[in-house]
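User: I have a structure open here and have not looked at it before. Can you walk me through it?
Analyst: Go ahead and show it, then ask whatever you like.

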Amino acid sequence: MFTSVNTRAASTYKRVAVDTGVQTADPHQLVSLLFDALIQSLNLARGAMERQDVASKGAAIGKAIRIVEEGLKAGLNLQEGGELAANLKGIYEYSVQRLTLANLRNDAAPIHEVLNLIEPLADSWKQIRAGALQGA
C-alpha cells in the first residue's frame, strides 16, 4: 500500500526527533524516555486487546517487556543503589511476570496493574528532575 507524502514526512520527522532526543539526553532523561515508551506500549497493548488485534497486542507487550528488562532493570546499580535499587528490581521483575501473563491469557487486568505500578514511578522520576533543576 502507498502512504501519502505527508504521512511519510511526519513519520520521518518523528523518528528523527526521537533519535535526536535520545542522543542528546542525559542519563536521567534517558530513564524518563524509557518510562514514557513503556507507558505508551502498555496503552497500545490495552487498545489492541480491546480491538482483538492479537498481533499488535503481542508486539506492544513484547516491546514493554524489553523496555523493562533491557532498559529499566538493566540500568539499575544494585551495588550502589541499596534497598531502593533492590525494590525497583523486584517491581520490574514482577511487572515482566504480569505482562507475560497478560499476553498469554489475553487479559488486560495485569496490564492495568503494571500501569498502576509504573506511572507513579515515572511521575516521581520526573519530579526528581524538576526539583534538581529548580535547586540548580
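User: Is S95 buried or exposed?
Analyst: S95 is buried, with a relative accessible area of 0%. Keep in mind that this is a predicted model.

User: Where is S95 found?
Analyst: S95 sits in helix α4.

User: And what is S95 in contact with, leaving aside its neighbours within four places in sequence?
Analyst: With those neighbours set aside, S95 is in contact with V114, L117 and I118.

User: Let me step back. How many helices and strands does the chain have?
Analyst: There are five helices and zero strands. Along the sequence the pattern reads α-α-α-α-α.

User: How much of the chain is buried?
Analyst: Of the 136 residues in the chain, 25% are buried. The accessible surface is about 8,900 Å², and carbon and sulfur atoms account for 57% of that surface.

User: What share of the contacts is between residues 24 or more positions apart?
Analyst: Counting contacts with a separation of 6 or more, 60% are between residues 24 or more positions apart.

User: Now the core. How many residues are in the largest nonpolar core, and which have the most contacts inside it?
Analyst: The largest nonpolar core has 23 residues. Those with the most contacts inside it are L38, L42, I61, Y92, L99, I111 and I118.

User: Which helices supply at least two residues of this core each?
Analyst: Those are α2 (27–51), α3 (54–73), α4 (78–105) and α5 (109–135). Helix α3 gives the most to this core, with seven residues.

User: Why would nonpolar side chains be buried together?
Analyst: As a general matter, nonpolar side chains tend to be buried together in soluble globular proteins.

User: Y92 was on your list. What is Y92 in contact with, leaving aside its neighbours within four places in sequence?
Analyst: Y92 is in contact with F35, V68, L72, K73, L76, I118 and L121.

User: Tell me about α2. How many residues does α2 have, and what does it reach from its first C-alpha to its last?
Analyst: Helix α2 has 25 residues and reaches 36 Å from first C-alpha to last, close to the 36 Å expected at 1.5 Å a residue. At its start, a side-chain oxygen of D26 comes to within 2.9 Å of the backbone nitrogen of H28.

User: Which residues of α2 are buried?
Analyst: The buried residues in α2 include F35, L38, I39 and L42, and also H28, S32 and S41.

User: What comes just after α2?
Analyst: Just after α2, Q52 takes a positive phi of about 60°, although Q52 is not a glycine. Q52 belongs to the loop between α2 and α3. Q52 counts as exposed because its relative accessibility is 69%.

User: What about N106, what is its phi?
Analyst: Phi of N106 is near 55°, a positive value in a residue other than glycine. N106 lies in the loop between α4 and α5. With a relative accessible area of 41%, N106 is partly exposed.

User: Last one, G58. Where is G58 found?
Analyst: G58 is in helix α3. G58 counts as partly exposed because its relative accessibility is 26%.

User: What separates the C-alpha atoms of G58 and T100?
Analyst: Those C-alpha atoms are separated by 9.6 Å, while G58 and T100 are 42 residues apart along the chain.

Key. Residues numbered from 1 in each chain as written. Predicted model: local features only at pLDDT ≥ 70, side-chain atom pairs only at ≥ 80, totals over all residues. Heavy atoms only, no water. Helix = DSSP H or I, 4+ residues; strand = E, 2+ residues; numbered from the N terminus. Buried < 20%, exposed > 50% of the residue type's maximum accessible area, 1.4 Å probe, protein only. Contact = heavy atoms within 4.5 Å. Areas by Shrake-Rupley, 256 points an atom, 1.4 Å probe, with all protein chains shown as cover. Core = buried A, V, L, I, M, F, W, Y, C linked by side-chain atoms within 4.5 Å. Expected span 1.5 Å × (residues − 1). Polar contact = N/O pair within 3.5 Å; in protein donor to acceptor, adjacent residues only side chain to side chain.
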